[in-house]
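Q: I have a model open and would like to talk it through before setting anything up. Can you walk me through it?

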Amino acid sequence: MGRRSGLGRAGPRLPSALTVGVARRGCGVGRAAEAGCCRAMSSAERPKRPLSAYFRFLRDNQPAFRQQNPELNSLELVKKLAGVWRELPASQKQVYEEARKTDWRKYEEQLAAYKAQLTPAQAAALKEERRKRLAKRRSFRIKRELTVLGKPKRPRSGFNIFVSENFQQSKGLSPTAKLKQLFETWQNLSSSQKQPYLQLAQDDKVRYQNEMKSWEAKMVELGREDLIRSREQRPKKKTDTAQEGSKASLRESLAKLKLKKSEE
């Protein structure tokens, strides 16, 4: 199996100091112009982190493995390559690791040059963009984990059930138009007409509560109390007792003070 120790793709070309200077002058002055200038400097221009040794191995050997194993799908192919990587001698893995280290040094130089060209406003905007991107990624991972752990689906409202039963028959060219039309129809329904949907929603709420109790008990057994949201499963706050005690002590002190003044 042929192996290449070549370097990964070079990082993106950085704009010259002259280009940045013109861009800054073109932004004008004032907060609105400064915000526009921040938007012009996208995080897509930031140098890309080099591939790890393992991903370099995948990149270099996947085409050959795909030709040799055309019956495998992408997931099966990656699993097969992962097995080959585990059995690869340390000396051969070192070739990919050395390539990573070389690219990493170049990456650090490019990153330093990239950051040096940013204005404080651009740096702050890119930092906020990165924070939002990481938060979104973290939220996705949590949702995926909860799905894998079989967390029950939240109960539907009466309106949600009404929409699911009538969406296909509703008028409207787009989903948004259909939802708008269904919302108006729902608003005009009488209480008796809404009642069947509200009852189904209540039944679904009971279903959710029962399933959540079982699921939370299972999470406790697995040692995943961090995923439990019900108040019954959470440890009681110590601050509640402390606050009650401090309030009682304060009332007692005030009563003694009043008694002392009356005696004087």
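What follows is a conversation about the fold, the core, the salt bridges and the charged surface of this predicted model.

Q: Let's start with the fold; how many helices and strands does the protein have?
A: The predicted model has 10 helices and 0 strands, so the pattern read along the sequence is simply α-α-α-α-α-α-α-α-α-α.

Q: And what share of the residues is buried?
A: Of the 264 residues in the protein, 23% are buried.

Q: Which residues make up the largest nonpolar core?
A: That core has 9 residues in all, namely A53, F57, L58, F65, L77, L81, W85, L88 and Y96. As general background, nonpolar side chains in soluble globular proteins tend to be buried together.

Q: Switching to electrostatics, how many salt bridges does a search of the whole structure find?
A: The search finds 8 salt bridges. One of the pairs is D103 with R56, whose side chains meet at 2.9 Å, taken from N to O.

Q: What else comes up around D103, say L51 and its C-alpha distance?
A: The C-alpha atoms of L51 and D103 are separated by 8.5 Å, although the two residues are 52 apart along the chain. L51 is found in the loop between α2 (31–40) and α3, and with a relative accessibility of 36% it counts as partly exposed.

Q: Which residue forms a salt bridge with E145?
A: The partner of E145 is R224, and the closest N and O atoms of the two are 2.7 Å apart. Here too the pair links distant parts of the chain, with E145 in helix α6 and R224 in the loop between α9 (191–221) and α10 (238–263), 79 residues apart. E145 is partly exposed at a relative accessible area of 30%, and R224 is also partly exposed, at 23% relative accessibility.

Q: What about D204 and R207, where do they lie?
A: D204 and R207 both lie in helix α9, 3 residues apart, which is about one turn of the helix. They form a salt bridge in which the closest N and O atoms are 2.8 Å apart.

Q: Why does D204 count as buried while R207 counts as partly exposed?
A: The cut-off for buried is under 20% relative accessible area; D204 has 15% and is therefore buried, whereas R207, at 24%, counts as partly exposed. Elsewhere, salt bridges that share partners join E145, R224 and D226 into one network.

Q: Last topic, the surface: which residues form the positive patch?
A: The positive surface patch is formed by K48, R49, K115, R130, R133, R137, R138, R141 and R144. Helix α6 (residues 120–148) contributes the largest share of the patch, 6 residues.

Q: Take R133 as an example, where is it found?
A: R133 is found in helix α6, and because its relative accessibility is 33%, R133 counts as partly exposed.

Definitions and conventions:
Residues numbered from 1 in each chain as written. Predicted model: local features only at pLDDT ≥ 70, side-chain atom pairs only at ≥ 80, totals over all residues. Heavy atoms only, no water. Patch = residues over 30% accessible without salt bridge, like charges linked within 9 Å, V, L, I, M, F, W, Y side chains within 5 Å. Areas by Shrake-Rupley, 256 points an atom, 1.4 Å probe, with all protein chains shown as cover. Salt bridge = Lys/Arg side-chain N within 4 Å of Asp/Glu carboxyl O. Lys, Arg positive; Asp, Glu negative; His and termini not counted. Charge placed at Lys NZ, Arg CZ, Asp CG, Glu CD. Helix = DSSP H or I, 4+ residues; strand = E, 2+ residues; numbered from the N terminus. Buried < 20%, exposed > 50% of the residue type's maximum accessible area, 1.4 Å probe, protein only. Core = buried A, V, L, I, M, F, W, Y, C linked by side-chain atoms within 4.5 Å.
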